[in-house]
Amino acid sequence: MSDASLTYAYAVARDRTPALAAEAGTLTGVAGAPVRLLTPDRTTTPVAVVSHVPAEDFHEAALHRHLEDLGWLEALARAHHGVIEALAAHTTVLPLRLATVYLDDDRVRAMLDDNQKLFFDGLERLRGHVELGVKLYVEAEPRPPAATDAPPDPALSPGRAYLRRRRTEQDARHDAHRAAEEAAQRIAVIARAHAVQWARHRVQEGELATGPGQNVVNDAYLVPADHVRAFREETMHATDGLPGLRVDVTGPWAPYSFATLTPPEPGTASAP
Amino acid sequence: MNPPGNTPAATTGAPPSQQQVALIDLLDRLLSGGVVITGDLVLSVADIDLVRISLRALITSISERTPAPWAAHVPSEERGTP
């Protein structure tokens, strides 16, 4: 299959509207192939957003290898996101997990048939909503001037001076985290007024963390479109009067963190 | 081994207002979000999970157990109603 192509699926949308089809027609997919819309075998809805990808790069073993390569992963992630973001500007889309790859278009059509009801429910739940990210940072290392700038107290042994300094630093860090707790509680109040769902991501650490400061909250909220402005503005003030804290709001994003298909419990009605 | 997406998103019809998002914010969403479909995939869900584990080792340098300082105040679930 070295020269064959596979079908990469980005997202699912409800209808093949003219606007969606027109936008999809302008897009280039993760491997440079045109983005297309596929409909199920038996009906006309929902539609899957797909493009061809080369099997040599996207079959299982190759994908495993490539995904370990951060440069390759970044290119894939940005291309995947570019397609979804462009389409999300026109309609509600249900993003699929990165690197959702099928053997061919027919398998995608069959998948749409098999999951039609779940897709409709998921799309309905997300309709008119976007995702906003909220990150809280404790800025830099807390260093109270008294502990660092004052000359060492000659009356203290080096060991005791060290312990005193450590204690002062710990107190400062403790204060910063108490302030972060206060900000997080303010954000929770804002979210109760403006958001309908909440998701927690891991705090950002390591080489890719953008900083400055230590990320201590990395959350996502599902927000109705008409609440985005208020949510953002109020959240940007959540650290007012709390020195050493910074809040960062990202988005609006397509609802990646809330794109789940929850099958109804057997024997129960699928009430929203 | 051609990197995918040689065409930057900004030239593929995305809104001109779009700023390039931070990679870490994007990976937070793309590696843990999005619908996971079971079944007829080239790469199985279980395999994706394995990939994610190795990627996370790359992306983060500190143990997942590093506690949030106010852990007692947040719900234990990862998703919920605010």
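This is a predicted model: local features need pLDDT of at least 70, side-chain atom pairs count only at pLDDT 80 or more; totals for chains, interfaces and linings use all residues.
Helix 8 of chain A and helix 9 of chain A are roughly antiparallel to each other, a label given to angles over 145 degrees, while angles under 35 count as roughly parallel, 65 to 115 as roughly perpendicular and the rest as oblique. The axes of helix 8 (residues 158-194) and helix 9 (residues 228-236) come within 10 Å and cross at roughly 170°; axes here are lines fitted to C-alpha atoms, for helices over the stretch in contact, and angles run from 0 to 180 degrees between N-to-C directions. Helices (H or I, at least four residues) and strands (E, at least two) are DSSP runs, numbered from the N terminus.

Residues are numbered from 1 along each chain as its sequence is written, and chains are lettered from A and ligands numbered from 1 in the order in which they are written.

Which residues of helix 8 of chain A meet helix 9 of chain A? On the helix 8 side they are I187(A), I190(A) and H194(A), and they meet A230(A), F231(A), E234(A) and T235(A) in helix 9, where contact asks for C-beta atoms, placed from the backbone, within 7 Å. By class, this contact has 4 nonpolar, 2 polar and 1 charged residues; Ala, Val, Leu, Ile, Met, Phe, Trp, Tyr, Cys and Pro count as nonpolar, Asp, Glu, Lys and Arg as charged, and the others, Gly among them, as polar.

Let me turn to strand 4 (residues 93-102) of chain A, in which 10 of its 10 residues are buried. Buried asks for 20 or more other C-beta atoms within 10 Å of a residue's own, exposed for 12 or fewer, and partly exposed lies in between, with C-beta atoms placed from the backbone. Strand 4 pairs with strand 1 (residues 5-13) of chain A in the antiparallel sense over 6 bridges, pairing being assigned if DSSP finds at least two bridges, and A13(A) stands opposite V93(A) in strand 4. Also in strand 4 is A99(A), which has a positive phi of about 65° although it is not a glycine. Most residues other than glycine have a negative phi, and most peptide bonds are trans. Two peptide bonds to keep in mind here are T45(A) to P46(A), which is cis with omega near -5°, and G251(A) to P252(A), which is cis with omega near 5°.

Now to helix 6 (residues 116-126) of chain A, whose buried residues are L118(A), F119(A), G122(A), L123(A) and L126(A). They cover an arc of only 130° around the axis, which puts them on the same side of helix 6, the arc being that of the directions from the helix axis to the C-beta atoms. The face turned away from that buried side carries the exposed residues K117(A) and E124(A), and what covers the buried residues includes strand 1, strand 4 and strand 5 (129-138) of chain A.

Finally, A77(A) lies in helix 4 (residues 70-88) of chain A and counts as buried, with 23 C-beta neighbours inside 10 Å. Not counting residues up to four places away in sequence, A77(A) touches L98(A), L26(B), L27(B) and L30(B). As for chain B, its elements run α-α-β from the N terminus on, and buried residues make up 28% of its 82 residues.

Terms used. Two residues are in contact if their C-beta atoms, placed from the backbone, lie within 7 Å.
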